[in-house]
Amino acid sequence: MNIIGLDIGTTTICAAVIDSGSGDTLKSVTLDNDAFIESGRAYEKIQSPQVILNKCAVLVSELTEEFAPVRCIGVTGQMHGILYYDKNGCAISPLYTWQDESGNQLFEGGMTYAQKLSELTGHKMAAGYGCTTYFVHQRNGSVPENTVGFCTIHDYVSMRLAEKTAPLVHTSDAASFGLFDISGLCFDETAVERAGLDISLFPKVTKGFDTVGVYGGGIPVAVAIGDNQASFLGSVSDMKNSVLVNLGTGGQISFLTDAPGSGLTAEPVSLETRPCFLDSYLRVGSSLCGGRAFAILESFMRETAELVTGKKIKSAYPAMDRFLENGMGLDGALTVSTRFAGTRSDPNTRGSITRVGLDNFTPRHLIVGFLDGMVTELEEMYVSCEHGAHTKIVGSGNGLRKNKALRRMFEAHFRMPMAVPAYCEEAAFGAALFGMTAAGIKKDIYEAQKLIKYNYAD
(Lines give C-alpha, C1' and ligand atoms only; values in the text may rest on other atoms or scores of the structure.)
Protein backbone atom coordinates (compact mmCIF):
# COMPACT_ATOMS: atom_id res chain seq x y z
CA MET A 1 0.00 0.00 0.00
CA ASN A 2 1.28 3.48 -0.85
CA ILE A 3 0.76 6.52 1.35
CA ILE A 4 1.44 10.18 0.54
CA GLY A 5 2.82 12.49 3.20
CA LEU A 6 2.65 16.22 2.39
CA ASP A 7 4.66 18.83 4.32
CA ILE A 8 3.91 22.51 3.63
CA GLY A 9 6.88 24.37 5.09
CA THR A 10 7.80 28.03 5.13
CA THR A 11 10.44 27.75 2.41
CA THR A 12 9.72 24.38 0.79
CA ILE A 13 6.84 22.04 0.04
CA CYS A 14 7.68 18.35 0.26
CA ALA A 15 5.72 15.28 -0.76
CA ALA A 16 6.86 11.73 0.02
CA VAL A 17 5.38 8.42 -1.05
CA ILE A 18 5.77 5.75 1.64
CA ASP A 19 5.33 1.98 1.35
CA SER A 20 3.13 1.14 4.35
CA GLY A 21 4.55 -2.38 4.54
CA SER A 22 8.29 -1.69 4.50
CA GLY A 23 8.42 1.97 5.48
CA ASP A 24 10.59 2.67 2.43
CA THR A 25 10.34 6.07 0.79
CA LEU A 26 9.46 5.29 -2.83
CA LYS A 27 9.78 8.87 -4.00
CA SER A 28 10.12 12.33 -2.56
CA VAL A 29 9.69 15.67 -4.27
CA THR A 30 10.66 19.04 -2.79
CA LEU A 31 9.58 22.32 -4.33
CA ASP A 32 10.54 25.86 -3.38
CA ASN A 33 7.73 27.61 -1.56
CA ASP A 34 8.01 30.84 -3.54
CA ALA A 35 4.65 32.13 -2.36
CA PHE A 36 5.87 35.11 -0.32
CA ILE A 37 4.13 38.42 -1.04
CA GLU A 38 5.53 41.92 -0.59
CA SER A 39 2.94 43.85 1.39
CA GLY A 40 4.73 47.18 1.84
CA ARG A 41 4.81 46.57 5.61
CA ALA A 42 8.18 45.29 6.76
CA TYR A 43 6.69 43.56 9.80
CA GLU A 44 4.25 41.48 7.74
CA LYS A 45 5.39 38.04 6.54
CA ILE A 46 2.68 36.77 4.23
CA GLN A 47 2.29 34.13 1.52
CA SER A 48 -0.25 33.35 -1.20
CA PRO A 49 -2.55 30.44 -0.24
CA GLN A 50 -3.50 29.95 -3.89
CA VAL A 51 0.10 29.53 -5.03
CA ILE A 52 0.67 26.99 -2.25
CA LEU A 53 -2.58 25.12 -2.94
CA ASN A 54 -1.79 24.91 -6.66
CA LYS A 55 1.64 23.42 -5.99
CA CYS A 56 0.20 20.88 -3.56
CA ALA A 57 -2.64 19.93 -5.89
CA VAL A 58 -0.24 19.26 -8.76
CA LEU A 59 2.05 17.19 -6.54
CA VAL A 60 -0.78 15.07 -5.18
CA SER A 61 -2.31 14.58 -8.62
CA GLU A 62 0.97 13.42 -10.14
CA LEU A 63 1.87 11.11 -7.26
CA THR A 64 -1.55 9.49 -6.94
CA GLU A 65 -1.39 8.68 -10.65
CA GLU A 66 2.21 7.41 -10.59
CA PHE A 67 1.85 5.29 -7.44
CA ALA A 68 -1.75 4.13 -7.72
CA PRO A 69 -3.41 2.83 -5.72
CA VAL A 70 -2.72 5.36 -2.96
CA ARG A 71 -4.50 4.43 0.26
CA CYS A 72 -4.42 7.76 2.14
CA ILE A 73 -2.91 11.25 2.26
CA GLY A 74 -1.38 12.75 5.40
CA VAL A 75 -0.78 16.49 5.64
CA THR A 76 1.36 18.69 7.88
CA GLY A 77 2.86 22.16 7.71
CA GLN A 78 4.02 25.37 9.34
CA MET A 79 2.21 26.03 12.61
CA HIS A 80 0.88 29.24 14.21
CA GLY A 81 0.05 31.10 10.99
CA ILE A 82 -3.51 31.76 9.78
CA LEU A 83 -5.53 32.60 6.72
CA TYR A 84 -9.20 33.61 6.53
CA TYR A 85 -11.72 31.72 4.37
CA ASP A 86 -15.30 32.32 3.19
CA LYS A 87 -18.47 30.18 3.25
CA ASN A 88 -17.29 28.32 0.14
CA GLY A 89 -14.06 27.32 1.84
CA CYS A 90 -11.98 29.66 -0.33
CA ALA A 91 -9.13 31.74 1.07
CA ILE A 92 -9.94 35.46 1.12
CA SER A 93 -6.70 36.66 2.69
CA PRO A 94 -3.00 35.97 2.49
CA LEU A 95 -1.45 33.42 4.81
CA TYR A 96 -0.03 35.35 7.76
CA THR A 97 2.89 33.08 8.63
CA TRP A 98 4.46 32.25 11.98
CA GLN A 99 7.14 34.83 11.14
CA ASP A 100 4.61 37.67 10.94
CA GLU A 101 5.51 40.42 13.40
CA SER A 102 2.24 42.38 13.41
CA GLY A 103 1.79 41.43 17.07
CA ASN A 104 5.01 43.23 18.00
CA GLN A 105 3.71 46.59 16.75
CA LEU A 106 2.69 49.12 19.40
CA PHE A 107 -0.96 49.00 20.44
CA GLU A 108 -1.53 51.47 23.24
CA GLY A 109 0.07 52.59 26.48
CA GLY A 110 3.49 51.49 25.27
CA MET A 111 2.31 47.89 24.98
CA THR A 112 2.47 45.74 21.86
CA TYR A 113 -0.58 43.92 20.55
CA ALA A 114 0.83 40.64 21.86
CA GLN A 115 1.40 42.13 25.31
CA LYS A 116 -2.09 43.64 25.40
CA LEU A 117 -3.68 40.34 24.37
CA SER A 118 -1.69 38.56 27.09
CA GLU A 119 -2.91 41.09 29.65
CA LEU A 120 -6.55 40.76 28.56
CA THR A 121 -6.63 36.96 28.51
CA GLY A 122 -4.02 35.68 30.95
CA HIS A 123 -2.51 33.61 28.12
CA LYS A 124 1.13 34.07 27.16
CA MET A 125 0.81 35.35 23.60
CA ALA A 126 3.47 36.20 21.04
CA ALA A 127 3.71 37.68 17.57
CA GLY A 128 3.12 35.05 14.91
CA TYR A 129 0.50 33.19 16.95
CA GLY A 130 -2.71 33.01 14.93
CA CYS A 131 -4.88 34.57 17.64
CA THR A 132 -2.42 37.44 18.06
CA THR A 133 -2.58 38.11 14.33
CA TYR A 134 -6.39 37.91 14.41
CA PHE A 135 -6.43 40.32 17.38
CA VAL A 136 -4.36 42.85 15.39
CA HIS A 137 -6.70 42.56 12.40
CA GLN A 138 -9.82 42.74 14.56
CA ARG A 139 -8.63 45.89 16.33
CA ASN A 140 -7.63 47.51 13.03
CA GLY A 141 -10.80 46.51 11.20
CA SER A 142 -8.83 44.52 8.63
CA VAL A 143 -10.50 41.11 8.96
CA PRO A 144 -11.79 40.51 5.41
CA GLU A 145 -15.49 40.86 4.69
CA ASN A 146 -17.33 37.55 4.30
CA THR A 147 -14.92 35.77 6.66
CA VAL A 148 -16.51 32.73 8.26
CA GLY A 149 -13.36 31.28 9.86
CA PHE A 150 -9.61 30.93 9.93
CA CYS A 151 -7.18 28.01 9.83
CA THR A 152 -3.57 27.05 9.06
CA ILE A 153 -2.31 26.67 5.51
CA HIS A 154 -2.17 22.86 5.82
CA ASP A 155 -5.73 22.77 7.19
CA TYR A 156 -6.70 24.76 4.12
CA VAL A 157 -4.92 22.43 1.72
CA SER A 158 -6.36 19.29 3.34
CA MET A 159 -9.93 20.62 3.21
CA ARG A 160 -9.55 21.74 -0.41
CA LEU A 161 -8.06 18.39 -1.44
CA ALA A 162 -11.10 16.75 0.23
CA GLU A 163 -13.45 19.29 -1.42
CA LYS A 164 -14.80 20.51 1.92
CA THR A 165 -15.87 24.06 2.77
CA ALA A 166 -14.69 24.13 6.40
CA PRO A 167 -11.64 22.64 8.10
CA LEU A 168 -11.34 20.17 10.93
CA VAL A 169 -8.34 21.37 12.93
CA HIS A 170 -6.20 19.04 15.01
CA THR A 171 -5.33 20.11 18.55
CA SER A 172 -1.65 20.15 17.54
CA ASP A 173 -2.44 23.13 15.30
CA ALA A 174 -5.28 24.69 17.29
CA ALA A 175 -3.02 25.14 20.32
CA SER A 176 -0.45 26.92 18.15
CA PHE A 177 -2.92 29.78 17.59
CA GLY A 178 -2.94 30.59 21.31
CA LEU A 179 -5.95 31.21 23.61
CA PHE A 180 -6.19 27.42 23.91
CA ASP A 181 -7.06 25.41 27.02
CA ILE A 182 -4.29 22.80 27.06
CA SER A 183 -5.93 20.67 29.73
CA GLY A 184 -9.39 20.73 28.14
CA LEU A 185 -8.01 20.53 24.58
CA CYS A 186 -10.34 23.28 23.38
CA PHE A 187 -10.26 27.02 22.82
CA ASP A 188 -10.63 29.13 25.96
CA GLU A 189 -13.94 30.82 25.18
CA THR A 190 -13.72 33.10 28.22
CA ALA A 191 -10.33 34.39 27.05
CA VAL A 192 -11.64 34.82 23.51
CA GLU A 193 -14.55 36.89 24.85
CA ARG A 194 -12.22 39.05 26.98
CA ALA A 195 -10.16 39.81 23.88
CA GLY A 196 -13.27 40.90 21.98
CA LEU A 197 -12.79 38.22 19.35
CA ASP A 198 -15.56 36.32 17.57
CA ILE A 199 -15.63 32.71 18.78
CA SER A 200 -17.69 31.70 15.73
CA LEU A 201 -14.61 32.20 13.55
CA PHE A 202 -12.62 29.67 15.54
CA PRO A 203 -12.38 26.24 13.88
CA LYS A 204 -13.82 22.92 15.00
CA VAL A 205 -11.15 20.90 16.81
CA THR A 206 -10.28 17.21 17.16
CA LYS A 207 -7.58 15.44 19.18
CA GLY A 208 -7.88 12.12 17.39
CA PHE A 209 -6.70 10.34 14.28
CA ASP A 210 -9.48 11.57 12.02
CA THR A 211 -10.01 12.17 8.33
CA VAL A 212 -11.34 15.35 6.73
CA GLY A 213 -12.86 13.66 3.69
CA VAL A 214 -11.68 11.93 0.54
CA TYR A 215 -9.61 12.99 -2.46
CA GLY A 216 -10.41 11.96 -6.01
CA GLY A 217 -13.51 10.08 -5.01
CA GLY A 218 -11.95 7.59 -2.64
CA ILE A 219 -8.57 8.39 -1.02
CA PRO A 220 -8.94 9.40 2.66
CA VAL A 221 -7.33 12.73 3.58
CA ALA A 222 -6.22 12.83 7.20
CA VAL A 223 -6.78 15.86 9.37
CA ALA A 224 -3.65 18.03 9.10
CA ILE A 225 -1.25 18.11 12.04
CA GLY A 226 1.45 20.55 13.15
CA ASP A 227 4.92 20.09 11.70
CA ASN A 228 6.54 19.84 15.13
CA GLN A 229 4.28 16.94 16.07
CA ALA A 230 4.64 15.38 12.60
CA SER A 231 8.44 15.48 12.85
CA PHE A 232 8.26 13.90 16.29
CA LEU A 233 5.91 11.12 15.17
CA GLY A 234 8.00 10.50 12.06
CA SER A 235 11.39 10.53 13.80
CA VAL A 236 11.00 8.94 17.24
CA SER A 237 10.21 5.22 17.37
CA ASP A 238 10.59 5.00 21.16
CA MET A 239 8.62 8.03 22.32
CA LYS A 240 8.99 7.31 26.05
CA ASN A 241 12.80 7.22 26.12
CA SER A 242 13.81 9.64 23.36
CA VAL A 243 14.22 13.38 23.00
CA LEU A 244 14.05 14.96 19.55
CA VAL A 245 16.14 17.92 18.43
CA ASN A 246 15.42 19.60 15.12
CA LEU A 247 17.44 22.28 13.41
CA GLY A 248 16.07 23.89 10.29
CA THR A 249 15.20 27.55 9.87
CA GLY A 250 14.44 27.56 13.59
CA GLY A 251 15.36 25.02 16.25
CA GLN A 252 13.33 22.81 18.56
CA ILE A 253 13.75 20.29 21.30
CA SER A 254 10.78 18.01 22.06
CA PHE A 255 9.87 15.09 24.28
CA LEU A 256 6.64 13.35 25.18
CA THR A 257 4.69 13.89 28.39
CA ASP A 258 1.26 12.71 29.49
CA ALA A 259 0.25 15.64 31.69
CA PRO A 260 0.07 19.30 30.66
CA GLY A 261 2.06 21.61 32.88
CA SER A 262 3.67 18.80 34.88
CA GLY A 263 7.31 18.64 35.79
CA LEU A 264 8.09 22.35 35.70
CA THR A 265 10.59 23.39 38.33
CA ALA A 266 10.54 27.06 37.31
CA GLU A 267 9.13 29.26 34.59
CA PRO A 268 10.99 27.82 31.60
CA VAL A 269 12.61 29.97 28.97
CA SER A 270 10.79 29.47 25.65
CA LEU A 271 9.38 26.13 26.84
CA GLU A 272 5.75 25.22 26.23
CA THR A 273 3.40 22.26 26.28
CA ARG A 274 1.75 21.28 23.00
CA PRO A 275 -0.92 18.66 22.29
CA CYS A 276 0.48 15.76 20.30
CA PHE A 277 -2.19 13.09 19.84
CA LEU A 278 -5.19 11.99 21.89
CA ASP A 279 -4.27 12.85 25.51
CA SER A 280 -0.49 12.94 24.99
CA TYR A 281 1.55 16.13 24.88
CA LEU A 282 4.94 17.38 23.80
CA ARG A 283 7.13 19.56 25.94
CA VAL A 284 8.76 21.86 23.37
CA GLY A 285 11.51 24.42 23.45
CA SER A 286 11.89 26.64 20.39
CA SER A 287 14.91 28.67 19.34
CA LEU A 288 13.78 31.26 16.82
CA CYS A 289 17.12 31.53 15.10
CA GLY A 290 18.14 27.85 15.19
CA GLY A 291 19.90 26.81 12.01
CA ARG A 292 19.82 30.38 10.74
CA ALA A 293 22.61 31.16 13.19
CA PHE A 294 25.07 29.19 11.06
CA ALA A 295 23.74 30.92 7.94
CA ILE A 296 24.35 34.30 9.60
CA LEU A 297 27.94 33.27 10.33
CA GLU A 298 28.45 32.06 6.74
CA SER A 299 27.27 35.42 5.45
CA PHE A 300 29.72 37.20 7.76
CA MET A 301 32.58 34.95 6.64
CA ARG A 302 31.75 35.45 2.97
CA GLU A 303 31.52 39.23 3.25
CA THR A 304 34.82 39.30 5.15
CA ALA A 305 36.54 37.27 2.43
CA GLU A 306 35.15 39.56 -0.24
CA LEU A 307 36.28 42.64 1.69
CA VAL A 308 39.83 41.28 2.01
CA THR A 309 40.25 39.85 -1.50
CA GLY A 310 38.04 42.21 -3.46
CA LYS A 311 36.49 39.17 -5.14
CA LYS A 312 33.00 37.73 -4.91
CA ILE A 313 32.80 34.18 -3.55
CA LYS A 314 29.85 31.87 -3.98
CA SER A 315 29.82 30.41 -0.47
CA ALA A 316 31.92 30.20 2.68
CA TYR A 317 30.37 26.86 3.67
CA PRO A 318 33.04 24.67 1.98
CA ALA A 319 35.83 26.33 3.98
CA MET A 320 33.79 26.15 7.20
CA ASP A 321 33.05 22.47 6.55
CA ARG A 322 36.74 21.69 5.93
CA PHE A 323 37.63 23.13 9.31
CA LEU A 324 34.91 21.13 11.05
CA GLU A 325 36.02 17.91 9.34
CA ASN A 326 39.58 18.39 10.59
CA GLY A 327 38.58 18.70 14.23
CA MET A 328 37.49 21.46 16.56
CA GLY A 329 39.96 21.21 19.44
CA LEU A 330 40.64 24.85 20.23
CA ASP A 331 41.75 26.60 23.39
CA GLY A 332 40.01 29.72 24.63
CA ALA A 333 36.44 29.00 23.60
CA LEU A 334 34.12 31.89 22.87
CA THR A 335 30.68 32.00 24.47
CA VAL A 336 28.07 32.75 21.82
CA SER A 337 24.39 33.32 22.46
CA THR A 338 22.58 32.59 19.18
CA ARG A 339 19.36 34.38 20.17
CA PHE A 340 19.78 36.73 17.21
CA ALA A 341 16.04 36.75 16.46
CA GLY A 342 14.95 37.11 20.09
CA THR A 343 12.94 34.49 21.94
CA ARG A 344 9.24 33.61 22.21
CA SER A 345 9.11 35.24 25.63
CA ASP A 346 11.22 38.31 24.78
CA PRO A 347 11.40 39.32 21.10
CA ASN A 348 13.79 42.14 22.00
CA THR A 349 16.52 39.79 23.24
CA ARG A 350 19.56 39.66 20.99
CA GLY A 351 22.58 37.40 20.65
CA SER A 352 26.04 38.09 21.95
CA ILE A 353 29.67 36.98 21.73
CA THR A 354 31.55 37.06 25.04
CA ARG A 355 34.80 35.83 26.60
CA VAL A 356 36.68 37.49 23.74
CA GLY A 357 40.41 37.61 24.48
CA LEU A 358 43.59 38.54 22.68
CA ASP A 359 43.98 35.14 21.02
CA ASN A 360 40.49 33.71 20.43
CA PHE A 361 38.75 36.21 18.16
CA THR A 362 39.36 34.08 15.09
CA PRO A 363 37.11 32.56 12.39
CA ARG A 364 37.74 29.08 13.82
CA HIS A 365 36.74 30.08 17.33
CA LEU A 366 33.63 31.77 15.94
CA ILE A 367 32.60 28.62 14.07
CA VAL A 368 32.92 26.47 17.19
CA GLY A 369 31.28 29.13 19.35
CA PHE A 370 28.27 29.44 17.06
CA LEU A 371 27.73 25.67 17.00
CA ASP A 372 28.06 25.50 20.78
CA GLY A 373 25.59 28.37 21.15
CA MET A 374 23.01 26.60 18.98
CA VAL A 375 23.30 23.48 21.16
CA THR A 376 23.40 25.36 24.46
CA GLU A 377 20.23 27.34 23.77
CA LEU A 378 18.23 24.10 23.34
CA GLU A 379 20.03 22.38 26.23
CA GLU A 380 19.09 25.19 28.62
CA MET A 381 15.44 24.71 27.71
CA TYR A 382 15.72 20.95 28.31
CA VAL A 383 17.25 21.27 31.78
CA SER A 384 14.72 23.94 32.85
CA CYS A 385 12.15 21.21 33.61
CA GLU A 386 11.98 17.66 34.87
CA HIS A 387 12.21 15.54 31.78
CA GLY A 388 12.51 11.92 32.81
CA ALA A 389 15.28 9.45 32.05
CA HIS A 390 15.79 9.76 28.33
CA THR A 391 18.42 7.47 26.87
CA LYS A 392 18.68 8.62 23.25
CA ILE A 393 18.64 11.79 21.19
CA VAL A 394 17.07 11.71 17.76
CA GLY A 395 18.24 14.42 15.37
CA SER A 396 16.21 15.76 12.44
CA GLY A 397 16.41 18.64 10.02
CA ASN A 398 19.09 19.57 7.50
CA GLY A 399 21.03 21.60 10.06
CA LEU A 400 21.87 18.37 11.90
CA ARG A 401 21.84 15.95 9.00
CA LYS A 402 24.54 17.85 7.10
CA ASN A 403 26.76 18.72 10.05
CA LYS A 404 28.56 15.83 11.76
CA ALA A 405 30.35 18.21 14.14
CA LEU A 406 27.02 19.59 15.35
CA ARG A 407 25.70 16.07 15.96
CA ARG A 408 28.77 15.21 18.01
CA MET A 409 28.38 18.40 20.00
CA PHE A 410 24.79 17.45 20.90
CA GLU A 411 25.98 14.01 22.00
CA ALA A 412 28.66 15.58 24.20
CA HIS A 413 26.29 18.09 25.81
CA PHE A 414 23.47 15.58 26.43
CA ARG A 415 25.69 12.54 27.08
CA MET A 416 23.51 10.34 24.88
CA PRO A 417 24.00 8.75 21.46
CA MET A 418 22.22 10.42 18.58
CA ALA A 419 20.17 8.59 15.95
CA VAL A 420 19.20 10.23 12.67
CA PRO A 421 16.25 9.00 10.59
CA ALA A 422 17.35 7.24 7.42
CA TYR A 423 15.18 9.59 5.34
CA CYS A 424 15.22 13.37 5.05
CA GLU A 425 11.48 14.04 5.01
CA GLU A 426 10.75 13.56 8.71
CA ALA A 427 7.62 15.74 8.85
CA ALA A 428 6.18 14.27 5.63
CA PHE A 429 6.96 10.78 6.95
CA GLY A 430 5.21 11.60 10.24
CA ALA A 431 2.19 12.92 8.36
CA ALA A 432 2.09 9.65 6.43
CA LEU A 433 2.22 7.62 9.68
CA PHE A 434 -0.60 9.74 11.10
CA GLY A 435 -2.55 9.18 7.88
CA MET A 436 -2.07 5.41 8.09
CA THR A 437 -3.52 5.45 11.58
CA ALA A 438 -6.41 7.76 10.61
CA ALA A 439 -7.29 5.55 7.63
CA GLY A 440 -7.14 2.35 9.73
CA ILE A 441 -4.17 0.91 7.83
CA LYS A 442 -2.28 0.64 11.14
CA LYS A 443 -4.08 -0.14 14.38
CA ASP A 444 -2.38 2.74 16.23
CA ILE A 445 0.50 5.20 15.94
CA TYR A 446 2.84 2.89 17.87
CA GLU A 447 2.44 0.20 15.23
CA ALA A 448 2.96 2.78 12.49
CA GLN A 449 6.19 3.99 14.13
CA LYS A 450 7.73 0.52 13.75
CA LEU A 451 8.40 1.62 10.17
CA ILE A 452 10.95 4.23 11.32
CA LYS A 453 14.56 3.43 10.38
CA TYR A 454 17.73 5.12 11.63
CA ASN A 455 21.26 5.99 10.75
CA TYR A 456 23.45 6.55 13.79
CA ALA A 457 25.90 9.38 14.22
CA ASP A 458 29.51 8.28 13.87
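This is a dialogue on how the terms applied to one predicted protein model follow from its computed values.

Biologist: What kind of model is this, and how are its residues numbered?

Modeller: The model is predicted, so local features need pLDDT of at least 70 and side-chain atom pairs count only at pLDDT 80 or more, while totals for chains, interfaces and linings use all residues. Residues are numbered from 1 along each chain as its sequence is written, and side-chain values use heavy atoms, with hydrogens and water left out.

Biologist: How many helices and strands does the protein chain have, and what makes a run of residues a helix or a strand?

Modeller: The protein chain has 14 helices and 27 strands. Both are DSSP runs numbered from the N terminus: helices are H or I with at least four residues, strands are E with at least two.

Biologist: How do you know what radius of gyration a compact globule would have, and what does the protein chain have?

Modeller: The rule is 2.2 Å times the number of residues to the power 0.38, with the radius taken over C-alpha atoms. For 458 residues a compact globule would come near 23 Å; the protein chain has 22 Å, which agrees. The C-alpha trace spans about 65 × 60 × 50 Å along its principal axes.

Biologist: What share of the residues is buried, and what makes a residue buried or exposed?

Modeller: Buried residues are 56% of the 458. Buried means under 20% relative accessible area, exposed over 50%, and partly exposed in between, with a 1.4 Å probe and protein chains only. The protein chain exposes about 19200 Å², of which carbon and sulfur atoms supply 49%; the areas come from the Shrake-Rupley method with a 1.4 Å probe, and for residues only the protein chains shown count as cover.

Biologist: Why is Helix H4 called mostly covered?

Modeller: In Helix H4 (residues 153-161), 8 of the 9 residues are buried. Among them are Ile153, Tyr156, Val157 and Leu161. Just after H4, Glu163 takes a positive phi of about 60°.

Biologist: Why is Cys14 counted as buried, and which residues does Cys14 contact?

Modeller: Cys14, in strand E2 (residues 12-19), has 8% relative accessibility and therefore counts as buried. Leaving aside neighbours within four places in sequence, its contacts (heavy atoms within 4.5 Å) include Val29, Thr30, Glu425 and Ala428.

Biologist: What makes Lys55 and Asp34 a salt bridge?

Modeller: A salt bridge is a side-chain nitrogen of Lys or Arg within 4 Å of a carboxyl oxygen of Asp or Glu. For Lys55 and Asp34 the closest N and O atoms are 3.4 Å apart, so the pair qualifies. The two residues are 21 apart and link distant parts of the chain: Lys55 is in helix H1 (residues 49-66), Asp34 in the loop between strand E3 (25-32) and strand E4 (36-37). Asp34 is exposed, with a relative accessible area of 53%.

Biologist: How many salt bridges are there in the whole structure, and where do Lys116 and Glu119 lie?

Modeller: The search finds 13. Lys116 and Glu119 both lie in helix H2 (residues 113-121), 3 residues apart, about one turn of the helix. Their N to O distance is 3.1 Å. Lys116 is buried, with a relative accessible area of 15%.

Biologist: What is the N to O distance between Glu306 and Lys312, and which of the two is buried?

Modeller: The distance is 3.9 Å, and the side chains form a salt bridge. Glu306 has a relative accessible area of 17% and is therefore buried; Lys312, at 75%, counts as exposed.

Biologist: Why are some phi values and peptide bonds pointed out?

Modeller: Most residues other than glycine have a negative phi, and most peptide bonds are trans. His80, not a glycine, has a positive phi near 80°, and lies in the loop between E6 and strand E7 (83-85). At 5% relative accessibility, His80 counts as buried. Leu278 also has a positive phi, about 50°, and at 39% relative accessibility counts as partly exposed. Leu278 is in the loop between strand E21 (271-277) and strand E22 (280-287).

Biologist: What makes the bond between Ala68 and Pro69 a cis peptide bond?

Modeller: Its omega is about 0°. Pro69 is in the loop between H1 and strand E6 (70-77).
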